[in-house]
Amino acid sequence: MRSKTGSGGLAHILSCTFAGLAIALGITSAFVSSGALLRLVPSGVAYEQVPFCCLGVYFCLFQLTAAIGRLATNTFIGAFDNKHPRSMKARVLASTDHAPLRGWSLTARMLSAHANTVEGLPIFLAGVYAAREMGMAPERQATLAILVIVCRVLYIPLYAFDFDLLRSVVWSTSFCASLLSVMLPLLPEAVNDYMGRDGWLVLVVGDTCE
C-alpha cells in the first residue's frame, strides 16, 4: 500500500530545500556585498590568483578527508583494505549491525564527507572557470571562491559530528557561491552594476528598508 504521507513528505523536502537555498543565497550575497572575505587574501596575492589558490586548497581537502576516513577505519573498524578500497567503504556505509557504535558511525560519516568533497569539485571548477571566462570582477571571483573553501572546511566537522541542519546550510551556501559564479555574468549589465553596489541584500530580502 502506498504511504499516505508520501506527498506530504515530498512537500516537506521541497520546502526545506528551497528554504535552505534562500538562506544560503542570503549568506552568500551578504559576503559578496560586504567584501569581508577579501581580508583573508594575503597582501602579495592578486585577486585574479585567489580562485586558483582556492582550487589548490580544495585538492588538499580532497586528500585530507580521504586520510581521515582511512584513519578512522583503522582506529574503529580494522585495517583498511587498500587492495579493495571501494568495497571496504561500501561495507562500512551499508552496514547496519554496527551503526549504533560511535566509532563506526564516525567512520561512515568521514567516508561520506570525502565522497561529498569529491562530488563538489566539478561544481566548484565550473564556477571558477565560468567566472573567469565571462569576465567577472576579480574581487567577486575571489570572494565566491573563498566562501566555497570556508564552507567546505566547516562542512567536514559538521558532517563528522552529525550537525545535519547546519551542515546542509553550509553545503547550500557553497553551492550557491559556485552557482553565482556562473550566473552573475549572465545578468544584464545594469542589474549587475546595481548588485555590485548595495543591492544584494535588497534583492534577496526585499526592498523594505526605505
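User: In this predicted model, contact means heavy atoms within 4.5 Å. Which residues does Phe124 touch, not counting residues up to four places away in sequence?
Analyst: Phe124 belongs to the largest nonpolar core and is among the members that touch the most others. With sequence neighbours up to four places away set aside, its contacts are Pro51, Cys54, Leu55, Tyr58, Ala145, Val148, Ile149 and Ser178.

User: Which helix gives the largest share of this core?
Analyst: The core has 33 residues. Helices H2 (50-76), H4 (102-133), H5 (138-160) and H6 (164-183) each give two or more of them. The largest share is 13 residues, and these come from H5.

User: Is Cys54 buried or exposed?
Analyst: Buried means under 20% relative accessible area. Cys54 has 8%, so Cys54 is buried.

User: Is Cys60 buried or exposed?
Analyst: The cut-off for exposed is over 50% relative accessible area. Cys60 stands at 52%, and therefore Cys60 counts as exposed.

User: How far from Cys54 is the nearest cysteine sulfur?
Analyst: A disulfide needs two cysteine sulfur atoms within 2.5 Å. The structure holds 0 disulfides. Cys54 is thus in none, and the nearest cysteine sulfur, that of Cys53, lies at 6.9 Å.

User: Which backbone atoms does the side chain of His114 reach, that of Phe62 and that of Ala66?
Analyst: His114 sits in helix H4 and counts as buried, because its relative accessibility is 12%. A polar atom of its side chain lies 3.4 Å from the backbone nitrogen of Ala66. At 3.2 Å, the side chain of His114 also reaches Phe62, at the backbone oxygen.

Note on methods: Residues are numbered from 1 along each chain as its sequence is written. This is a predicted model: local features need pLDDT of at least 70, side-chain atom pairs count only at pLDDT 80 or more; totals for chains, interfaces and linings use all residues. Side-chain values use heavy atoms; hydrogens and water are left out. A nonpolar core is a set of buried Ala, Val, Leu, Ile, Met, Phe, Trp, Tyr and Cys residues joined through side-chain atoms within 4.5 Å. Buried means under 20% relative accessible area, exposed over 50%, partly exposed in between (1.4 Å probe, protein chains only). Helices (H or I, at least four residues) and strands (E, at least two) are DSSP runs, numbered from the N terminus. A polar contact is a pair of N or O atoms within 3.5 Å; within protein, one must be able to donate a hydrogen and the other to accept it, and residues adjacent in sequence count only if both atoms are side-chain atoms.
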